[in-house]
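Please look over the sequence and the model shown below. The report that follows takes up selected parts of the fold in turn.

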Amino acid sequence: MSKQDLVRMVNQIAINQAYLSDDEAVDVVASHLTMFWAPAMLSDLVAAVDAGGADLNEVALRAVRQLQPV
Amino acid sequence: MTLLHEPTERRAVSATDMGTPAVPGELTVEVEIDGVAVTVSEGTSIMRAAAEAGIDVPKLCATDSMKSFGSCRVCLVEIEGRPGTPASCTTPVAPGMKVATTSPKVDKLRQGVVELYLSDHPVDSCADGACELHAMAQTVGLTDVRYGQEGHNHLNIEVDASNPYFTFDPKACIVCSRCVRACDEIQGTLALTVEGRGFESLISASGTSFMESECVSCGACVQACPTTALQEKSIIELGMPTRTVKTTCAYCGVGCSFDAEMRGDELVRMTPSKEGGANEGHSCVKGRFAWGYATHRERITSPMLREKITDDWREVSWDEAISFTANKFKQLQEQYGVDSIGGITSSRCTNEEVFVLQKMVRAAFGNNNVDTCARVCHSPTGYGLKQTFGTSAGTQDFKSVEESDVILLIGANPTDAHPVFASRMKQRLRAGAELIVVDPRRIDLVRTPHVEASHHLQLLPGTNVAIVNALAHVVVTEGLVDREFVAARCEDDSFADWEAFIARPENSPEALESATGVPASELRAAARLFATAPNGAIYYGLGVTEHSQGSTMVMGMANLAMATGNIGRDGVGVNPLRGQNNVQGSCDMGSFPHEFSGYRHVSDDTVRVLFEDVWGREMRADPGLRIPNMFDAAVAGTFRGLFVQGEDVAQSDPNVNHVTAALKALDLLVVQDLFINETAKLAHVFLPGTSFLEKDGTFTNAERRINRVRPVMEPKTGKDEWQVACDISTAMGYPMAYDEASQIMDEIAQVTPTFAGVSFAHLDEAGSLQWPVNDAAPQGTPIMHVDGFVRGKGHFVPTPYVPTDEKANRKFPLLLTTGRILSQYNVGAQTRRTSNVEWHPEDLLEIHEADAAERGINDGDWVALNSRVGETHMRAFITDRVPQGVVYTTFHHPESGANVVTTENSDWATNCPEYKVTAVQIRPANAADPLRVEVAT
């Protein structure tokens, strides 16, 4: 799946948790991804982050890091 | 004089007609009618009391779906101790009253009245037995008419056949006003009137033809007409029905019950059922009349195959089609992995068909790559209401609106998309309830005959969350929270967090005014009106869900309802108006890739074990792909095979060019449908589906009402749709078999707690049931969360407003929003194949006069509509319904392809597409210009 789409979607999830503290938001985003994203999408997202250059916001990036390894 | 016919059939409306409506109340009155004692509620008419005693008082202008009128003078009775012969329909009972419905005096009067009617009534008008007047002549014992038709009469007036579905023949009209009253009291459109006085009185569609009038063709007038003055063309052409099958409409989420009236194996009329809980005898133009698509010449009834989508279709046997499909799916999984295939269920199919298809994916495919078209409409409803209330469904029954004092209508256009519920809502508004409309467009309910919204918050597209936050801000900061309700019913902690959040200055109407475009003072007034209403109800549609913050908005509305104490009783609640007939059901049945039936996550070990025990296959604990994810994966080459049940994703889903590219990338696309739709044009296998007239099963409407769908004819394909999924599954190595659809519902009940008490037998007995149906609520649950929320305490969720990325800019300075129109349904596959196209032959682009003038566009001109993802062409319709800067269109016709321009943006939580906000530009164009231009990005 395209890196651009995955990054856009995870950033969007993170932005919508702005009412939480960063730590809480990271947990919520990671949980949301696990609950609603197919494993292949998570793998692609993690791979995109590992490859560098994924333009994730801070909360999204920390949430993706929590997912590893998928 | 031979002006009489002996009727062969009476119209269905008369069969159980009590003459006047029931009068609710606890006080009762005992009367004696024709020597029979009967006790009825105070205020009941003599006519109805007689009917309840089993005595049918002759009548023409009275019917129990409308208020008594006292026009025809046929229902005269004598009352002991009272002079004269009053009309029984307009005379209420009184204690101890003794009534004679028949006597020499009364009988003679009635005969005289009916005889006079017949003297100006065409003799041949009831040749098929459809005329109550002639039936009444027989009832009152009229054997001869002394007056000829040579005198002054109405027999030379021309028939109005302008409406495609019914005729108006003034010759047969007795001016009883039943049609006028039906248009007023049932439909609420007031398109009909009585013009002239005395003998010159005529029923008129406001001085013009029916087709040119305000008539919405709901058919209430036709059903109400006691003669053949208003009559279905199908009855004229095919004759009166000879048998009736009760079933459920296949159009919108209102889920109207109908009597399918048959003549042999041919459907001749659909009459809305008075016993139908959702519609109580009313219908719209689609449900009552637009069923001809089921036998349309373009319908495909045989399976077809082709190796490549550039090949011609080859008609094959069911065995070959199923074998080909199963083998190809297996081959793809062997080559590309178990997750390389999936399926999409349809909200136009029955619960049983949907359940079996998702079972095929989970058990035979061995993955959770199943999703439903609800993904692109109400998936945020599922997410938002589950988070806050604990279950993914609306809280009320439709009847609840009759107790509402203030209705907050957000992003919904019920008079077009849910017309039968709209009529119910209009009745309540006309009776005094107040209305707040939140919509960028001036929908009909903002101002329509006898209805005017107290507030129209005409927000900019994409700012729903800002609006709901501002409303809640006023509630919290002006001391309007229902503290007692919140303390008793909601979580202390989450309420405290939400209260602190919503009270922040950035959520004030003043702070958000520039974003929303709604004056702060107007918004504050609306908030106060809603919060202080004894019963405040929220109704919403896709104008809420189809946004980048669709789920946030659903939670915002739930917060508002809880904070104002508007949950758990009649007249209140949070009520999604579902688009398709079985959106609720398809979601209930486990169509989402992360949930089993009953909204239980696939990672729940206990639930998974339950399914594994019943289905005998190991279930995956990880969620599968959603529809947009499937398309992305197809383009990426990792998703290779897709089964599409009764959907046209190539027309209905956003960014059609992307969807088309995805479908073209598949090695196997299987489409099960009635017609070769836009998606099927890209398919390798076409499996013919069944229309609702052939289905045996259930639909679940927007109020969680499970209605039976009963076949009125055998499947024209030779196979039930659920049987096809069973056969493919079996051919793939997972045997699946049922003898009949009721067994599928039995299995649904076995594995789904909210359906535990549902069976076809129970439904047939009860008529319909609203889930949950279980030991605690064996007859169902009309109102949810009465004593407590499904999740226990109500959960508040802070809802920060995050502006969409889709913004108007110099290149694309206008915002496009999309919607539906009354006569058409979704992608139009059904309604475009009926006479409904006479009302809407093409999609139009609504544009404000100033925006049109700026671009040199005149009304009716062809325009090119382009966004960053595509371009399409349609005609302009200049109107002040839309504000400057906003344009609007419908998506019913593939030729205009509105979704060519909608984008990949979606709800953050559910990926529900952001159909309602697309930045676009418009320029004059020639009709001959190529359509659907893909824009390189």
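Which residue is the bridge partner of L865(B) in strand 34 of chain B? The partner is T872(B).

## Basis of the report

This is a predicted model, in which local features need pLDDT of at least 70 and side-chain atom pairs count only at pLDDT 80 or more, while totals for chains, interfaces and linings use all residues. Residues are numbered from 1 along each chain as its sequence is written, and chains are lettered from A and ligands numbered from 1 in the order in which they are written.

## Strand 34 of chain B and its partners

Helices (H or I, at least four residues) and strands (E, at least two) are DSSP runs numbered from the N terminus, and two strands pair if DSSP finds at least two bridges between them. Strand 33 (residues 862-866) of chain B pairs with strand 34 of chain B in the antiparallel sense over five bridges, and a hairpin of three residues joins strand 33 of chain B to strand 34 of chain B. Strand 32 (residues 844-847) of chain B, by contrast, pairs with strand 34 of chain B in the parallel sense over four bridges, with R875(B) in strand 34 as the bridge partner of L844(B).

A residue is buried if 20 or more other C-beta atoms, placed from the backbone, lie within 10 Å of its own, exposed if 12 or fewer do, and partly exposed in between. Seven of the nine residues of strand 34 (residues 870-878) of chain B are buried, so this strand is largely enclosed by the rest of the structure.

Three strands of chain B form an open sheet in the order 9-10-11, with antiparallel pairing. Strand 9 (243-248) and strand 11 (266-272) of chain B stand at the edges with a single partner strand each, so one side of each is left without a neighbour in the sheet. Strand 10 (residues 257-263) of chain B is joined to strand 11 of chain B by six bridges, and F258(B) stands opposite P272(B) in strand 11 of chain B.

Helix 5 (residues 178-187) of chain B is mostly covered, with nine of its ten residues buried; among them are R178(B), R181(B) and D184(B). G188(B), whose phi is positive, near 80°, follows helix 5 of chain B.

Chain A has four helices and zero strands. Its radius of gyration, taken over C-alpha atoms, is 11 Å, close to the 11 Å that the globule rule (2.2 Å times the number of residues to the power 0.38) gives for 70 residues, so chain A is as compact as a globular protein of that length. Of the 70 residues of chain A, 43% count as buried.

The axes of helix 1 (residues 3-15) and helix 4 (residues 58-67) of chain A come within 8 Å and cross at roughly 110°; axes are lines fitted to C-alpha atoms, for helices over the stretch in contact, and angles run from 0 to 180 degrees between N-to-C directions. That makes helix 1 of chain A roughly perpendicular (65 to 115 degrees) to helix 4 of chain A. V10(A), N11(A) and A14(A) in helix 1 of chain A meet V59(A), A60(A), A63(A) and V64(A) in helix 4 of chain A.

## Where the chains meet

Counting residues as in contact if their C-beta atoms, placed from the backbone, lie within 7 Å, 16 residues of chain A are in contact with 19 residues of chain B. The largest share of the side of chain A that touches chain B, four residues, comes from helix 1 of chain A.

Methods
Angles under 35 degrees count as roughly parallel, over 145 as roughly antiparallel, 65 to 115 as roughly perpendicular and the rest as oblique. Two residues are in contact if their C-beta atoms, placed from the backbone, lie within 7 Å.
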